[in-house]
Every structure is written in C-alpha cells, then in structure tokens.
Amino acid sequence: MKDEFAPKIVGFLCNWCTYAAADLAGTSKLKMPPSLAVIRVMCSSRVDPVLVLRAFLRGADGVLVAGCHPGDCHYEKGNYYARRRFALLKSVIETLGLDSERLQLSWIGASEGPRFQQVVTEFTDKIKKLGQNPMQKKTSL
Amino acid sequence: MDNGNILVIGAGVAGINASLSLADSGRKVYLVEQTSYIGGTVIKFEKVFSNMECATCMVAPKQQELLAKENIELFTISEVLKVEGSLGNFVVKVKKKARYVDLKACIGCSACFEPCPVSVKNEFEEGLSERKAIYIPCPGALPNIPAIDTENCVRFNGKDCKLCKEACMFEAIDFEQKDEEIELKVGAIVVATGFSSFDPKEIPKYGYKKFSDVYSALEFERMFASNGPTTGEIKLRNGESPKSVAIVHCVGREEKGYCSAICCMNSLKFVHYLKEKLPDVKISEFCSDLCIPGKSYEKFYEQTKTMGVDIIRFEDIEIKEEGKGISVKYKTDTKGSSLPVDMVILSTAIEPKKDASKLAKILGISQDEHGFFAEKHSEIASVDTSTEGIFIVGCAQDPKDIQNSVAQSEAAVGKILSRGT
Amino acid sequence: MVEKIGVYVCECGPNIADNVDIDKVMETISSLPGVEVVERHKLLCSQNGKKFLKESIQEHGLTRIVVAACSPKQHEVTFMKVCEEAGINPYLFQLTNIREQCAWIITDKELATERAIRYIRAALRRVPFHRDLAKKEIETNPDVLVIGGGIAGMEASLLLAGGDRKIYLIEKTDVLGGKVKELDKLLPRMESSLNIISQKIQEVEQSEDIKVYTKSEVEEVLGFLGNFVVKVKIGENKELELRVGAIVVATGFSMFDLKQLPRYGYGQYDNVYTALEFEKMNIDGKILLKDGKPPKSIGIIHCVGREERGYCSGVCCMYCLKFANYIKSKLPDADVSEFYQELSIPGKAHQKFYEDTKAKGVNFIRYDEVEVMDKGIKYKTESGEEKTSSVDMVVLAPAIEPSGDTGKLAEMLRVSQGDGGFFQEEHPKLAPVSTSMEGIFIAGCTQGPKNIPESIVQAQAVAGRILSSLIPGKKLELEVKTSEISEALCIGCQTCLEVCTYGAIYFDEMKRVSVVNEVLCRGCGNCVGSCPSGAASVKHFTTTQLHQEVVEALR
C-alpha cells in the first residue's frame, strides 16, 4: 500500500473561509488522504504566482489555492483578483510543460467541512492519475 | 454615579454586533443568551440573500472576536429574571443555568457524545436529525463546548449514568454544577432577542406535518446546510431527490396581520439553493405581492427568474393529497388549478419570540398589538422604548433583514454612547 | 544570530496523542538545527500548560517558539499572550496545527505522525524569518464632518455632539430639513412632518457642538481616518478648511426625472403631479385642479421609473396609501384609485394601514402596463386585458435615485458606487453604514432608497460606529500585520494602487514609488499577489516565510 505514489500537494488556504472549513472538517473527524500540506494565508489574493511557480519548481505534484466563494471575500474582492491571476497562471505552467490541472483554485466556505474533504480527496486522486511532477528534482531555486 | 456597563440580551447577529461595538468603546458588556451557543438564527442559514454569501464565513469572524473580547462577559443558557432601577442604574438578576461542562476545561473534542445512550430530536436542526443529551447544536457551533440537556439526560432522570464523564479526558464534565443567580449593575439594556417562526400547523390547509414532504423555511434551510442533518443534500423523506418543488410565500401573513419583509427574498434564495444541487428540478413560487424593496433586491429577482422558475400569483392555496403524492391546489384571479409536486416549502411569517411577553413584563416595556416590543416612536425613535435606557433592536422590534437588524444594533450603540450613559 | 528555538508539542489529551506518535515526533525534531528544547504537554492551553510554557521559555532563554497543537483559530491568541508574559515578542511564535490537520483527519497513525513532523519542520524553518512586530497607535481628531442637512445628517450630528467633539454640518441649500421638510404628514400615524423636522432643526441650531454651514459644498478631501483635511466652499466665494477624523455622507436622494418617460404625461397634460408636488399641495391645505375646482377622481400611479431604475424604491407604496388618506380626509367623496404592480408594505405596522385605507373605499388596481392620457389612465392588467379609467387628477410616485452630486462626491471620497449608483456600503449585511474607505460613513438614501425610520436608524448607527471607534483622547490602534512596499524594489507601476480595496496605498510622486498607509491597510496581501517586482510584502506572511513552509512541505 505505502509504496504507491503519494502525491505532494501544497494548499494555500485563506484564513476566513477555507481554513475555517478545514478546521470544521477536522473537528468533524472527516478523513482525508495525507497529501495536502496546508499553508495559511489571510486571503487567496495574497498568493502570488511566484509562490506557486516556486512550489512546482520545487517538485510539488499539485498546488491548491482555496478561498471564499466569489462575492464572499472577507476583504471584499480579493478572491476575484485571485481568480483572474490563476486563469493566467494556468497557461504559464502549461508552458513549463506541466499539466494545468495540477493547479486548482477552489472556493470553500467556512461551513463546508465535507466539501473541503471532497476537494482534497478528489484533487489528490486527480494528481495520482497525473503522476509525479515531471520537473521534480530537475531544478531547484 | 451612573453605571457605564451595558446588558445585551440575545447573542444573535444584532446582539453580537452591539456588544462588540460597545466593548470597542471601552464599555463592559454582559451578554445574556438563552441557548448554549451564539449566532442566533443567522447561523442556521447556509447562505444569505442577495449576494448568496456563506453565512458562516460572514458571521464566524464576529463570533470569534466576541469570544476573545476581554470586556464582554458572555452568559449562555441564561435568562434575565428581574430588572429594577432606571437609566444609568439598572439592577439585573440573571439566572445562569448549569451547562454541566466546564467552559475552561473542555477543549471541544466531542469525545463525550459517542457514549451517551440518549437520542432525541435536535431542535437546532428543526427536528430533522437526532442529537445526544450532551451535545452541541451543529458542527462548528460556537462556543464549541457541549451542554447537558437535563430534561433528557438519564442521569438527571434517576439513573446512575456517567458515560460522558468517563469519556472525557479533561475532567470537564461536572454533574455537580448548579444554576446560579447573578446580579448585574448596568446603565443601559439592549434587547436583541430575535424572533420565532410562525408554526404552519396552525393553518391546516398547508398540510404541514400531515404530509411528510411539506417543510417549513427553516427546515429547508437546515436541509441545505453543509453542516446540517443531510450535509446539504436536498432529499425527500423517502431518500429520493425531488423533481418538482413548490415554494409558498406569505404563510401566516393573513393570520399575523403583517408582511414579514424578508420571506420573498428568502423564497427566491431557495431557487438558488435548489438549482445549485438539482439543476433539473422544476420550481414554482406561489406568491401574492412581491416585496423586494431596496437597491439590490430586484436585481436578484430578475437573476432568479432566469434560472428557471414559474412565478404564480395566488389568491388562495391549499396543499392536498394526490395519488401517492401531494399537489398544490390554487386559485389565481382568473382561474383555479392544481399542480402535483414532490416537495413543498412554506415561507413562514416572522413572529415575536415566544417568551416576548414574559421579558416585556420583566423589563417593564410594552408590546405592540402583534406582540413585538413597542418602540417609542415608529418614525423617529425606533430603537428607543418608553423606558429610557432600554433599547430594542432587530426582529425583536419589527420583522426585518440582517442589514436593518445590524443597523439598529449600531443605532442603539449610538444612542447609548451619545448620552454618556 | 543563531536562534534558540523551543518546540512544544501538545498531546491535547488523547486527541493528538492517540493518533500521532509523539515520542517519534520529539525524537526527530530534537535533532534538528536550532532546536534548543522540545517538550510535550498533556494540554498546553490549560492553566497548568500555559504556566509550563511560560516558565520553559524563560528558563531556556528562547528567541523563537513553535507550538504544535490545534488550529490557530482556537489558540493562537492564547499562546501569543503566554509569549508576551514570558517576555518574548508574540510574533516570534508560530502555532502549527497538528490536530485538525493531522490527528483528526489522517487514519493511519504513521502517516499522521509523518505529516505532523513535516508541519513542525515547516514552522521551524519559518520562525527564524519572523520579525518583532509591534502594535502601533496614532493620534486622531475626533471631530466629524457631516455632509447633508436632511433628517439623517441632522440625527447623526445630534447624536455625535456630546460635548467633547465638534460637528461640522454642511448643507448645499440654504435651509436644513431636506426632503422631510417637503412632506405634509408622516406615516403611519399621520403626524405633522413639519413639527418633527422643525424640532430637529431647532435642536441642531441650538447645539453648541454643531457648526452648520448652509449653501456650502465640499470641494476637496485629503487624508484618511482620524486625520482628514476637507476644503469646503461656502456661498459664492468663501472657503474653509476643516480638520476632522471622520466624514458622514447623508446627501439624500433625487426623484426620478419624469420627463424621461413621456407615457406618464407629466408636463404634457394638466393635473399630472409628482409625489412631492402633491405633498406641497397638501401642505398648502387644498387639493385642487388647475381650474381651481376640487378633483372628483384621482389616480395614483405606483412604480414610476422602477423598471428603468431596476429596483423597487421601497417607500412609494406606503406614501401612495398615505396620499389616498390625504384625499379621503379632504375630499371624502372623491374617487381614489391606486394603480400598483406589487404592494411592498413590509413591517408590522403597514398592513393595517393598508387595510384601513382600503376600508375607506380606495380602489386597488394591479397593472402590468400603464399610460396617462388626457383625463384618464389607460392600463393593461396582468391577464392582458386593456382598460381605461377616467380621472381628473393623476399623482405619480417616481423612483428614488441617488442625488445629483453622488458621482462627484464618491470620486472625491474614493468610495465606490454600487447597485443603482448609490454609495457602496462596506458589507451589505454586517457593515451597512461604513464604506471600504475607513472613516467615511453613509446614512439614509445615500446608501440606498429607504424610508424615514430606516434613514434615522442608519444615522444613529453611524453615530454608534464613530462614537465607539473615534474616542477623544484615545489613540487608534492599528492592524499589526500590514503590507509594506520596499522603496528599493518598487518600479512605480502602481498596480497595487488599483487592486487595494481600502485605498491604503498611495503613490509618492517625488520618489516614484508606492507607499502603504498603515492606518488603512488591513493586511489582506492582495498588493503582494499583484506586485510584479516583489516589492510588496505583508508582515508575518512574507514571501520568504511562506516559501520556507513550501520547501518543507515538498521535502
């Protein structure tokens, strides 16, 4: 079992919605694959493309950026900016030879513990199918 | 000397907001809440109209701020027993009921629920799911500390059960806790006790509790909630997804004698709920007059209409049995018709909190003809009461939406701070 | 300097200990560079645990702290306080969540342990890059500028005037009172509007703390919360500079221009009046036709301009019912018809008013389309029937729209306009009277169409917000984790200015760089996400700090 490919996923979660959903999933004891390393940020708009690219160059098999649903941002419009930035970033990572599916932007509200579990599980499965990051260990920053 | 401390009754969104602002100004606030949790009715909602914002995301930061605030003293499972004195010098007696769980020792791990042998209907979930006798109302409730419901706990009914206590690794469960009576001295009082929902059983033609798939608005709200009894799945009692749903407006309006202001928008919100989970579901909204005032609400209505919903203006309506299912029999101004549906959602009127008259007597304030607390002057002094120093905010005063409830809570703060009470 | 880092692993009773091998965690962590001490505790958040933590920090002379326990939402503040008590800056500490994100969600204990170690390593790599952060406070001016001398502006001014601050009330026209002064009676009790408004005006004029400037307009606004500098033009050629801490916008509304809709016959036929003209007629005491005779039948048309504006103004149904009462009390035999679309009469008192009005013999006609003709109203019902009703007077209820200078004012104050062109509130539910520009508040119809009680409530709410936050003699505490922009790295592209919701970034023309105003910054980090040169950074969530976490996550 444990020899199976265990993807490494970096998850940038916004403090107000998705981090709260992750907490709720935790307190509800919802089980998930141990693939996601959570990094808390105040807003999904904080996640600059460089941070994501560095993660891929460091060998991340997947990067999840998750924040409040559009319209719900604690800072009014931050997640709209995040959405726009990531639409662009997806095409950038394609040019790096990575499947753009490896970068996922999800909206998960604070009451959506089960949805957090679902997103993590499904994203992990997707990355498992895509396999290891082909750039792994090729480069380091 | 006048007392600057403030008593806030009710920890819903209005009460929380008033408490936070008063505390920010440096006042000591005593917040008395009847239930074991804070957040009131709003935390039962998955989303709020008209921007369909996640209610928890919106309110949780406020709840957390409140729990962390040093000059707010929160009394849950508590009620006001007696109020004496006047503006600047009220003496308030509060009954703080035992929670039987130590707020400081408990870490909220929920290990105590599992062994509890009791299972009763969960009121917070409108009876759609069961809970134990030691419980929190729903996952994510704050404070995340359970309470023991002595009415149903077998230990408090003569049996020597201590399974929850044994399961607790933090020695947080204390059967010896006693109800306490506390005396508070405050300069002003803010009443933010919210509302009750009209019970559609009172009108037999709606078939509520007669037909199993006729739901009240709050029941449907919990059904859609991701932290609710079905984790957000919309299904009939037989486990299937509904293919057709009727939403009936103005349930109880005639009986109550007023329009509750928020039900039209709330009913339109349900279309979004339904279409999100069941894109092919057929929806009919049965309304009388559409009450969607304000700069943003009509836009929401127009948007909702494009999602696929029949809007039918009825003059008379009845939910009937048809074959194995139910149907909506209705009359418009020109014709009578009948529509078989799988599910009916009743948009129930807002009415005064069930115990409003008891509290009105304790506070020495009056109620209007409908039982809401009476304001001093409906046009220019809607948060003041006939008693100086006692303010009413939110749905305790008049049915209203969250925006207006919050505005009133801030208005009471303005009134209190401006007088230097 | 080599940091001395202390790592504290909380067992959280069985909650973490049962599913994370704490011995293994401790063993792995203790061998890592910089780690001075690793300790475990049964329950760190308990009194006993906090005492233990404090003493251990002091005993080992630690410079950085990592606590591996529960969610920061639960106990970050708790442990920050302990750090402070132990004499270490609370921002030199990191709480890593091995309960909600390891012990409770990963089934396999070995995997959960591995993940917990990874999280602790990430925190360990992060903390050396933490900086001492200190709370900042600024002096503020408690005085307030109120723009608009209508009922909302006056109410706000009266509540704000408590003796320890000055209120400057700016009114464009030459009198106070706004639109309420143009009304005959107030709903639902039919009291004289003039009595109520006169009393307010008198109170305002008598207040020693309120300085009223009529025929005045705001010309320029500089500065920010606590320290605004406002230029006001008084009359033709006088100018005044005011220094205030907050600004209240209560500029009211305009009525929809009926000339835009010829189908209502306004200005074309005699005896077609707007709501305010009809109020005036009633204030003057008589409802008369142009020819001096009393009308025999009057049609009142609701929802004029609703479709064009795209919203329901919320107040017209009720005042149209009030008009029916005006007419019935002055001309009991006149035939009154209300042509309406949707009756919007929310709230506990209004339905009764409607029932009572109906009982006076007023006709209610629901229309789908309506057109005013000479001496009549042509309308189509919902079922498509075309009908005509002959009337000799028509009263139109035009939509409420933002007052004429809203756009100009919004631009000057850097507040955006939302639905319908009204001022955009900070949050439609939880912050209806503030805006995203800190220190700028809105009340009454400036925020959206509303009735008198709601306008007054908003004015009182504004007072609540200001009185609770801008306190004379008390400094304003600022957000600690704000953004900062490196002068050396900034290329002056000003992208950050565009993305900042709070107007917290300004451009220094001399140095050609963007600068963060810490008073307004809320630390979301959007500027960092948008900065192409890596000049922007947000404290406690710096790129370096986050990068360290990423590196460890991918080790």
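**A sheet in chain C and the chains around it**

Let's start inside a strand pair: Val7(C) stands opposite Val38(C) in S2(C). This is a predicted model, where local features need pLDDT of at least 70, side-chain atom pairs count only at pLDDT 80 or more, and totals for chains, interfaces and linings use all residues. Residues are numbered from 1 along each chain as its sequence is written, while chains are lettered from A and ligands numbered from 1 in the order in which they are written.

Strand S1 (residues 5-10) of chain C runs parallel to S2(C), joined by six bridges; strands pair if DSSP finds at least two bridges between them. Helices (H or I, at least four residues) and strands (E, at least two) are DSSP runs, numbered from the N terminus. Zoom out and you get an open sheet of four strands in chain C, ordered S2-S1-S3-S4, with parallel pairing. S2 (35-41) and S4 (93-97) of chain C each have a single partner strand, so one side of each is left without a neighbour in the sheet.

Now for the partners of chain C. On one side, 54 residues of chain B are in contact with 55 residues of chain C (contact means C-beta atoms, placed from the backbone, within 7 Å). The biggest giver on the chain B side is H9(B), with 13 residues. Chain A is a partner too: 35 residues of chain C are in contact with 36 residues of chain A. Here H17(C) gives the most to the chain C side, with seven residues.

How values were computed. Contact = placed C-beta atoms within 7 Å.
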